[in-house]
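Please look over the sequence and the structure below before reading on.

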Amino acid sequence: ADSNLALINSILNDADVTGASVDTVKEIQDIVDAVNKIVNAADGVAGNNSPALTQEDYAKVGVNNIDTPAEVSLLNQVIDGKTKDAVDTAQELQDLANAVDAVIRTAQGGTPAVTEEQLKLLDLPGVTPGNLPAIIDAIKKTPDDGTGVDTIAELKKVVSDGVVAAQTAVNTISNAAEANNATASTPAVDVYKAAGVTGVADSNLALINSILNDADVTGASVDTV
């Protein structure tokens with residue numbers, strides 16, 4: 001049908017789908033069946049993805065990096081919340097899969113960590129360059145098997161926790177400047193990192209904190225990253 005033709009033909013052009021992958025009617029039908037699951041799920045209404053796609057379905061349509069139950073679960077929910085125009089090419093599907101893989105890899109403590117762009121692609125609100133370090137840290141604190149971020153609801157909660165942690169860190173630094181009560185060791189290096197500030201280390205922490213106590217540096221001077 002017109003609703004799935006563009007995606008089917010885009011998948012046929014994917015480098016991972018070779019002639020040998022579609023040289024029987026069954027193989028072609030498997031691709032069409034998987035595509036229909038994707039198209040039916042991507043109706044813009046979350047929570048009605050049935051039947052869910054399997055790891056094998058994703059492999060049949062040439063999607064790479066989806067090889068754990070946590071990744072399958074999260075990608076299914078991501079697609080379920082999308083509209084058809086967001087998943088009507090093989091590249092769009094792979095971009096979503098890469099973002100999901102990056103989330104699970106981050107939960108495992110792997111690198112590279114998930115990026116701001118990938119989190120936004122997963123429709124996660126409130127992500128900025130300033131709070132990204134705290135969000136990544138919050139994801140890393142979840143179970144290594146990805147079960148703490150394998151649903152959209154769980155991932156949104158973890159991201160929200162990171163956003164709050166980043167703002168709390170900024171407030172801690174701002175309050176220290178306003179009260180002129182910073183010391184050589186507080187706010188700590190980890191507080192600056194949580195706030196998304198780079199370049200702070202034990203070697204320069206005392207000077208930075210001393211500057212917070214300067215009368216010309218107020219809370220309003222340091223209330224953003």
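In which loop does D123 lie? D123 sits in the loop between α6 and α7. The model is a predicted one, and the values below are computed from it.

**Backbone features in the loops**

D123 is not a glycine, yet its phi is positive, at about 65°. With a relative accessibility of 43%, D123 counts as partly exposed, because that class lies between 20% and 50%. N180 is another residue that has a positive phi, about 55°, without being a glycine.

The bond from T111 to P112 has an omega near -5°, and P112 belongs to the loop between α5 and α6 (116-121). The bond joining T186 and P187 has an omega of about 0°, and P187 belongs to the loop between α8 and α9. The table lists these backbone angles.

| Site | Angle | Value |
|---|---|---|
| D123 | phi | about 65° |
| N180 | phi | about 55° |
| T111 to P112 | omega | near -5° |
| T186 to P187 | omega | about 0° |

**Helix α8**

Helix α8 is made up of 28 residues. From its first C-alpha to its last it reaches 40 Å, close to the 40 Å expected at 1.5 Å a residue. Its buried residues include I152, L155, V158, V159, G162 and A166. Further along α8, A169, V170, I173, S174, A176 and A177 are buried as well. Among the elements that cover these buried residues are α4, α5 (90-107), α7 (132-140), α9 (189-194) and α10 (205-212).

Leaving out residues up to four places away in sequence, A176 touches N181, A182, P187, L212 and N213. P187 in that group is the proline of the cis bond with T186. N204 is 28 residues from A176 along the chain, and their C-alpha atoms are separated by 17 Å.

**Packing of α4 against α8**

Two packed helices are described by the angle between their axes and the distance between the axes. For α4 (residues 69-80) and α8 (residues 152-179), the angle is about 90° and the axes are 9 Å apart. The two helices are therefore roughly perpendicular. On the α4 side the contact is made by L74, Q77 and V78, which meet I152, A153 and L155 of α8. By class, the residues of this contact are 5 nonpolar, 1 polar and no charged.

In soluble globular proteins, nonpolar side chains tend to be buried together. The largest nonpolar core here has 48 residues, and those that touch the most other members are I79, L122 and L155. Two or more residues each come from α1 (2-12), α2 (25-41), α4, α5, α7 and α8. The largest share is that of α5, with 10 residues.

Which residues are in contact with L122, leaving aside its neighbours within four places in sequence? They are V78, L96, A99, V100, V103, I152 and L155. V78, I152 and L155 also take part in the contact of α4 with α8. Apart from this core lies another, of 13 residues, including A177, Y192, V200 and V217.

Technical notes. Residues numbered from 1 in each chain as written. Predicted model: local features only at pLDDT ≥ 70, side-chain atom pairs only at ≥ 80, totals over all residues. Heavy atoms only, no water. Axes fitted to C-alpha atoms, helices over the stretch in contact; angles between N-to-C directions. Helix = DSSP H or I, 4+ residues; strand = E, 2+ residues; numbered from the N terminus. Parallel < 35°, antiparallel > 145°, perpendicular 65-115°, else oblique. Contact = heavy atoms within 4.5 Å. Nonpolar A, V, L, I, M, F, W, Y, C, P; charged D, E, K, R; others polar. Expected span 1.5 Å × (residues − 1). Buried < 20%, exposed > 50% of the residue type's maximum accessible area, 1.4 Å probe, protein only. Core = buried A, V, L, I, M, F, W, Y, C linked by side-chain atoms within 4.5 Å.
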